[in-house]
Each structure stands twice: as structure tokens, then as C-alpha cells.
Amino acid sequence: SGRIIYSLHARKKIEQLIEKTKPDIAHLHMIEHQLSPSILHSLKKYNIPIIMTTHQAKLICPNYRLFNWHTKQVCEKCLDGHYYHPFFEKCHKNSRMAGLLIGVEAYLHKMMKIYETNIDILHVPSKFLAAKFVQAGIDEKKIEQLKEKKEEKEGTIGKAEIIKVQTGAGGQATIKSETLGETIIVTTRAKATREGVEGVSVNFY
């Protein structure tokens, strides 16, 4: 359990990797229990900028999910920084001991300010998660929601040459439309069949 909270072994290994590869930037994913946030100290030791993509809510919710699997209810009790709730709520593995472990982990990381002082950019996948991070006290200036740039329009497709199709409701088709003159991917509110494509919502890439 100690390595989960702070791994000296992971620090040593990543510093060896840094010395060997000399990276310009670090983009991190899901480091919490796989490597532990100890590697953040190593990256900062070498003045490497850090971007961390947050695939879940671990930075503000000890059990990752903002959801209590024991009660089957949404839970935001730890957003105020009081991490004793997992012990009483049994929200992790339906176990008080597991809840105690993740609560202690969260308190230690908060005391160390290991995420707050070392991560330069928090890349979030949604506005919802960004709002929850801000609600929990994370600096809004560090939060970025990186989006794929695309233009969304609505219109009829007209005659189209089907290049590739995945059949079924909600299926996707790569087509070349005579009326729109673009190669497009139909992704929403569309039905693709081998005879044609029905639907009005079109994403241009």
C-alpha cells in the first residue's frame, strides 16, 4: 500500500528514464495507483512541464468516481476536502479498510500539495469535470478542456456514394455526397444501411 501512495521505486525509475531520453514535456495518464504521484517530484526536479489528462475524478474524489457503489448513489461529500467519508460510506470495494486507505492517501497528497504545485495543466474531458475541480478548490487557470476542432452543421445529404459503412441504428458511414461535395462521417441521429444513409446531423472533418 505504501507504493500506491508514494513510490520511491517509481521515482528512481523515471529519473533514469529522464536521464536517458531527456524529454521536453510530460503528458501523464492514470498515474495515481500505477506509478503514484511521486513521479511528479522527479519531473519537476528536471524542470519538465507537466500536462495531466484526468480520465476520472481521483484528484477530488478518493474513489475516483463521484459515485458510491455501496449505496448506488452520486456522492460529492469529499469535494470540501474532508476525506474521512470513504471509511464511513464504504464507497470503495464496499470496505471500511479500503475506504480508510484511500482516505489517508487523499489526506497525505493534500498535505503535500503534490498535484497542485507540480502539474502545470490539467486536461479535462468535459465541462462537468472541470466545474467539479473548480468547486473542489483546484485553480481554474490550470484547467483546460482540449477539444477536437470540428464544424457541425445540419442539412440533407442527398445522393451519396457509400465508401464504408457500419450498419445499424447509430451506425457510421464514410460517404461522398454530391450535394454537399464533401467526404463526411455521419455520426449522430443517423441510420446507415447498405442501401443508403438516412439522417440530418452531419459532422464535417
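1. Let's start with an open space. The largest pocket is lined by 25 residues, and those nearest its centre are Leu59, Ile60, Tyr83, Glu116 and Ile138. Its space comes to about 420 Å³, and H5 gives the largest share of the lining, five residues. On a 1 Å grid over the protein atoms alone, a pocket is an open set of points with protein on both sides within 12 Å along at least five of seven lines, while a cavity is a set where a 1.4 Å probe fits but cannot get out; lining residues have an atom within 4 Å of a point. Grid points are joined across faces, edges and corners, and a volume is the space filled by probe spheres set on the points.

2. A word on what you are looking at. This is a predicted model, in which local features need pLDDT of at least 70 and side-chain atom pairs count only at pLDDT 80 or more, whereas totals for chains, interfaces and linings use all residues. Residues are numbered from 1 along each chain as its sequence is written, and side-chain values use heavy atoms, with hydrogens and water left out.

3. Now for a closed space. The whole structure has one cavity of 30 Å³ or more, and the volume of the largest cavity is about 100 Å³. Of its 15 lining residues, Cys61, Cys75, Lys77, Cys78 and Cys91 lie nearest the centre. Helix H4 supplies the largest share of this lining, three residues.

4. Next, have a look at helix H2. Helices (H or I, at least four residues) and strands (E, at least two) are DSSP runs, numbered from the N terminus. H2 covers residues 8-21, 14 residues in total, and reaches 20 Å from its first C-alpha to its last, close to the 20 Å expected at 1.5 Å a residue. That expected span is 1.5 Å times one less than the number of residues. After H2 comes lysine 22, whose phi is positive, near 50 degrees.

5. Which residues of H2 are buried? They are Ala10, Ile14, Glu15 and Ile18. Seen down the axis of H2, they fall within an arc of 130 degrees, so they line one face of the helix. The arc is that of the directions from the helix axis to the C-beta atoms. Buried means under 20% relative accessible area, exposed over 50%, and partly exposed in between (1.4 Å probe, protein chains only). Helix H3 (38-45) is included in what covers the buried residues of H2, and on the other side Leu8, Lys12 and Lys20 are exposed.

6. Finally, the charged pairs. The structure holds six salt bridges, each a side-chain nitrogen of Lys or Arg within 4 Å of a carboxyl oxygen of Asp or Glu. Arg11, Glu15 and Lys45 are linked in a network of them.

7. Glutamate 105 lies in helix H5 and lysine 58 in the loop between strands S2 (50-53) and S3 (67-68), so the pair ties together parts that are 47 residues apart in sequence. Glutamate 105 is buried, at 2% relative accessible area, and lysine 58 is buried at 9%.

8. Another pair is aspartate 120 with lysine 44, again with closest N and O atoms 2.8 Å apart. Aspartate 120 sits in the loop between helix H5 (96-112) and strand S5 (121-123), and lysine 44 in helix H3, 76 residues apart. Aspartate 120 is partly exposed at 34%, and lysine 44 is partly exposed at 25%.

How values were computed
Contact means heavy atoms within 4.5 Å.
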